Amino acid sequence: MEGQPPLRPLGRRFQRRVERKGLRPRFAAYVIVVFWAIGVVVFGIVERLVDPNTFDNVWLGMWWAIQTVTTVGYGDVVPGSTAGKVIAGFMMLGGLSLFAVVTGAITSAFVAQAQRQMASDPMIQKLAELTAELKALKADIARLDRKGE
């Protein structure tokens, strides 16, 4: 890691955790949720600064940011300036990514549970044994066919 700026303590801790355990879907979902929670506050403030005519206070900006990130979009507050609309575009794309990762984390948990159940099922284990035996028999037959030719 020569030539790179030193990581701050939080960055080092995050990097060590990812190197040790990998970036699991649940952890990725937590990171994205925290990122967007901070993003809602920041974008709410920025939207207030960029478009003060539409957003007369920071709380309204944060309300709009929550609506946008969660893809609810009531339409009760909409940015009027071009800069506000650009910010809204980034937030909409981010909201979609948030839901994609959360959906992936939930799906991953269901798949892992199903795999654990299948691994402990004696019928599945017996089926795996029979499959291995069948492959071995096919290999033996193929070998005997080659010898007979």
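What pattern does the protein follow when read along the sequence? In this predicted model, the pattern is α-α-α-α-α. The protein has 5 helices and 0 strands. Of its 149 residues, 19% count as buried. The protein exposes about 11200 Å², and carbon and sulfur atoms supply 66% of that area. Among the contacts with a separation of 6 or more, 52% are accounted for by residues 24 or more positions apart.

Helix α2 covers residues 25-50. Ile45 is found in this helix and belongs to a nonpolar patch on the surface, together with Val41, Leu49 and Val50. The accessible area of these four residues together is about 320 Å². Ile45 has a relative accessible area of 35% and is therefore partly exposed, since that value falls between the limits of 20% for buried and 50% for exposed. Ala37 also lies in helix α2. At 46% relative accessibility, Ala37 counts as partly exposed. The C-alpha atom of Ala37 is separated by 8.6 Å from that of Ile66, although the two residues are 29 residues apart along the chain.

The N-terminal end of α3 is capped by Asn57, which has a side-chain oxygen 3.1 Å from the backbone nitrogen of Trp59. The buried residues of the helix are Gly61, Met62, Trp64, Ala65, Gln67, Thr68 and Val69. Just after α3, Thr71 takes a positive phi of about 60°.

When residues up to four places away in sequence are not counted, Gln67 touches Val72, Gly73, Tyr74, Gly75 and Asp76. One of these residues, Val72, is found in the loop between α3 and α4. Val72 has a relative accessible area of 43% and is partly exposed. The C-alpha atoms of Val72 and Met92 are separated by 10.0 Å, and the two residues lie 20 residues apart along the chain.

Helix α4 contains 39 residues, numbered 82-120. The same reasoning about span can be applied here. At 1.5 Å a residue, α4 should span 57 Å; the C-alpha atoms at its ends are 58 Å apart, which agrees. The buried residues of α4 are Gly84, Ile87, Ala88, Met91, Gly94, Gly95, Leu98 and Ala105.

How many salt bridges does a search of the whole structure find? The search finds 2. One joins the side chains of Lys126 and Glu129, with a nitrogen-to-oxygen distance of 3.9 Å. These residues are 3 residues apart in helix α5, which covers residues 122-148, so they are separated by about one helical turn. An α-helix has 3.6 residues a turn, so residues three or four places apart point the same way. Lys126 is partly exposed, with a relative accessible area of 43%. Glu129 counts as partly exposed as well, at 44% relative accessibility.

The side chains of Asp140 and Arg143 also meet in a salt bridge, with a nitrogen-to-oxygen distance of 2.8 Å. Asp140 and Arg143 are 3 residues apart in helix α5, and therefore about one helical turn separates them. At 32% relative accessibility, Asp140 counts as partly exposed. Arg143 is likewise partly exposed, and its relative accessible area is 36%.

Terms used:
Residues numbered from 1 in each chain as written. Predicted model: local features only at pLDDT ≥ 70, side-chain atom pairs only at ≥ 80, totals over all residues. Heavy atoms only, no water. Buried < 20%, exposed > 50% of the residue type's maximum accessible area, 1.4 Å probe, protein only. Helix = DSSP H or I, 4+ residues; strand = E, 2+ residues; numbered from the N terminus. Polar contact = N/O pair within 3.5 Å; in protein donor to acceptor, adjacent residues only side chain to side chain. Expected span 1.5 Å × (residues − 1). Patch = residues over 30% accessible without salt bridge, like charges linked within 9 Å, V, L, I, M, F, W, Y side chains within 5 Å. Areas by Shrake-Rupley, 256 points an atom, 1.4 Å probe, with all protein chains shown as cover. Contact = heavy atoms within 4.5 Å.
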